[in-house]
Amino acid sequence: MKWRYLTVLMALLSGFTLLTYTSQTVKAADTPGYGWMTTLPDGTRYPNPPELSPGVAGYVPFSSTFSLIDTKNNSTIALTSPTNASQQVGLIITKGTQSQNGAVWSNNPIFNLNKQHQSISMDLLIQSTGTSVGDGTAFALAGTRPTTLGTNGAQLGVWGKEYVPKGSSASAALVNQLPNSAVIVMDTKLNSTTLDSTIKNATQYVGFGYPSMVNTYTTTGLSTSSSWPVALHFNSDINSKPTQFKNPTDDSLSLYYRPYDATTLVASTWHVFEVNWDRSGNGGTLTYKLADANGANAVTRKITWTDAQIDTIFGETAQKKVFVGFTGTTATYYEANVLAFRTIPGIVNANGSETLTTDDGTAVTKDTLLHTGNRLQYNFNVSYDNDSQENWATAANGTLSLTFTKNKYFQLKDSTIKLYHADGSPLLDSSGKQATATVSPAKASSDTNAADDPTKVVVSGIPGFIKGTPTTGSQAIKFNIGATVTKFDATDIKPNATLAVSDNTGTVAGDNAQVHLENTTNTSDPFMIQYQLQNIAVPAIANVPSLLYMNLYQMMANNGSLAAGSPKVSELIDGYYTDSKLPTLSSTNDVNNVLMNPNLKQLVGYLSPPGPTYDPNNPADPNDPEKPNPDNPTPQQLNITGNNVTSKWTLSLTVPPLKNGGQALPVAANLAFANSFKDGVVSYLQEKNTNGQLTPIVVHTSPTDTVTKTLLTSDNLPSDNESTDNGFAMSGSVFSILYFDSAMPTIKAGSYTSQVTWTLTTAP
């Protein structure tokens, strides 16, 4: 809103002021550093995993959950905390040297496909330490825990043979493969003549498959002198898009792969890898995602299984409870594969959701267009299963925090939010009052004086969960955060342009688990809030005038004295300023000659008004912007930015009664506005009378009622309008003429004030 003043100064009677405004319709490891882990005896160390926000570590310590399979060349090593040697903070699957073959597996089947929700997430570092990288790493779910290593090199410790005797069928490849399993591989070296020969348009890829199923392999059309190379049966028509190989006996048991940028996958930077299971009916959906720490370069895939298929994959004896493992291999080419956990199933079984809705409850999706002024609501639900091994968090009276991403153009409504149970009833704190949490912007860095990050939010003080008795069922906390879409910067989103946005969903963190929330309305990527920002071009008020009314001749004849130019009370009593015939104004010469006429019986407005403490008996203070300076007046302009819109617009002025305290001005004041343009042209704002003739617009105020008058429309603009974008523009100044309806036989001394609204409305 823009506040403007229209003021008349009077000797003894200080005058009246019109106040105007515009409304429109329209803790954590060191960063940077290596302080998260104990340096290995050979001096090896790896950079800190990414933080959720400055000061909030992006990993949790663990112990006694995983153990190493007999490794080749001590490939796999558990990393420990530098402050607590009994706590593991990460795992090296393979070191960055040649001929590594490592594997680590959960001691128990911790991933339970009978549960409504199950998840595991981690930070993953694939670090190049040589000139060429290989071979990769794999995440695996298996119905039985292996006791020996798989084959290193191209097989990544999970796949079957690379070669079979000539003439053999694909079943001959089923040797030393990972039994009863499903795997997600991050393959960093393309073995283009054997297992990866069906991969197209990629040198590295993220793939999914079933190592112990014969249809995973093919030898068709391939031959050498004494043996046939084996290929993973991926579809060869990739065209850089996600590809699925259709299993000929069961379409749902298929292989997928996705090319991954070689400079991105092995970039010595951390990625976030997560696997979620959501049960539905007689089966469920496995979702996996690999992305950069900021959510970029994401590979996301959903795999749907029936209960029968789960038994086929993992074996019926598993009873849908599977082991979690990681494998990795190097050969001539090598890289380090390192991970740090965010969530380990079983320790804390928890999940949650984050959705974004409009003010009417409609879900925001990738197709939703959001505009300036839209009101939104973030909806959060955090659930904890009572069969978890540990409380979440473990510290007494421990709390959780949520870190989530928002758009910089979303202004959050509250700094404190109320917390509720799943059924909507208030969550009470220890004093019996409704529990609350604090909402604050995250810092841009860990520096003491770091600025706020406009895209990251931290919700702190969320009560932790205590294991229930009995160990069935779940507990939940839910809460909402309101937001409003603010004005877009045209350098980010040009007028009439649309920007597609994807924000990472939030992560709820405690000292023993971090849960990445799912957007239940996003069917393609549940870890993203997606929408479009549309900068609708609309007309906008750029400037409205602020005018000081006076006897212009008397003021200028007395060296710019405002006191001299103020109308006298006697003049008002005599009805001196009541001439309703507006002077002719067509050029700047008219402004100089007519408005400076000593016989003009009207007041002229062209200067900015005084501030609220202005004393007309004191000279103007040129250093005070709230006070007028007749020697160097500020041009008063009326400008509307059109933004090249084709919609119609109307500018109107609303004037309530002029009052001095509770005393209204006894007669009406009448206002007309003229504008000076380039080349010295001056013209009134005009409208057509009943005869169709153009006449100056006059705003007739009322002593008792609020008056609204249309001043400009897009269909009725002055011929000298200088706008080039379908708005209204002038290079000169606004001049205004004021006269009263009649004499004022009685009038209370003081300042008469009215708050005036300039309103710009648009129509389709």
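Rings of Phe, Tyr and Trp (its six-membered ring) are taken to pair if their centres lie within 6.5 Å, and a pair counts as stacked with planes under 30 degrees apart, as edge-to-face with planes over 60 degrees apart and as tilted for the rest. The structure is a predicted model, in which local features need pLDDT of at least 70 and side-chain atom pairs count only at pLDDT 80 or more, while totals for chains, interfaces and linings use all residues. Residues are numbered from 1 along each chain as its sequence is written, and side-chain values use heavy atoms, with hydrogens and water left out.

**View 1. Aromatic pair of tryptophan 36 and tryptophan 270**. The structure holds 24 aromatic pairs. Because tryptophan 36 lies in the loop between strand 2 (15-24) and strand 3 (66-68), and tryptophan 270 in strand 18, the pair ties together parts that are 234 residues apart in sequence; helices (H or I, at least four residues) and strands (E, at least two) are DSSP runs, numbered from the N terminus. Tryptophan 36 is buried, with a relative accessible area of 1%, and tryptophan 270 is also buried, at 8%, where buried means under 20% relative accessible area, exposed over 50% and partly exposed in between (1.4 Å probe, protein chains only).

**View 2. Phenylalanine 380 and phenylalanine 404, a tilted pair**. The ring centres of phenylalanine 380 and phenylalanine 404 are 5.0 Å apart and their planes stand at 55 degrees, so the pair is tilted. Since phenylalanine 380 lies in strand 25 (residues 375-385) and phenylalanine 404 in strand 26, the pair ties together parts that are 24 residues apart in sequence. Both phenylalanine 380 and phenylalanine 404 are buried.

**View 3. Strand 25 and its partners, strand 23 and strand 31**. Strand 23 (residues 350-358) runs antiparallel to strand 25 and is joined to it by 9 bridges, with threonine 358 standing opposite leucine 376; two strands pair if DSSP finds at least two bridges between them. Strand 25 also pairs in the antiparallel sense with strand 31 (residues 474-485), over 11 bridges, and there the bridge partner of aspartate 385 is serine 474.

**View 4. The largest cavity**. This cavity has a volume of about 60 Å³; on a 1 Å grid over the protein atoms alone, a cavity is a set of points where a 1.4 Å probe fits but cannot get out, and lining residues have an atom within 4 Å of a point. Grid points are joined across faces, edges and corners, and a volume is the space filled by probe spheres set on the points. Among the lining residues of the largest cavity are His117, Glu274, Thr343 and Phe527, and strand 8 gives the most to this lining, with 4 residues.

**View 5. The second largest cavity**. About 50 Å³ of space lies in the second largest cavity, whose lining includes Ile93, Met122, Phe139 and Phe326. The lining residues divide into 8 nonpolar, 1 polar and no charged, where Ala, Val, Leu, Ile, Met, Phe, Trp, Tyr, Cys and Pro count as nonpolar, Asp, Glu, Lys and Arg as charged, and the others, Gly among them, as polar.

Terms used. On a 1 Å grid over the protein atoms alone, a cavity is a set of points where a 1.4 Å probe fits but cannot get out, and a pocket is an open set with protein on both sides within 12 Å along at least five of seven lines; lining residues have an atom within 4 Å of a point.
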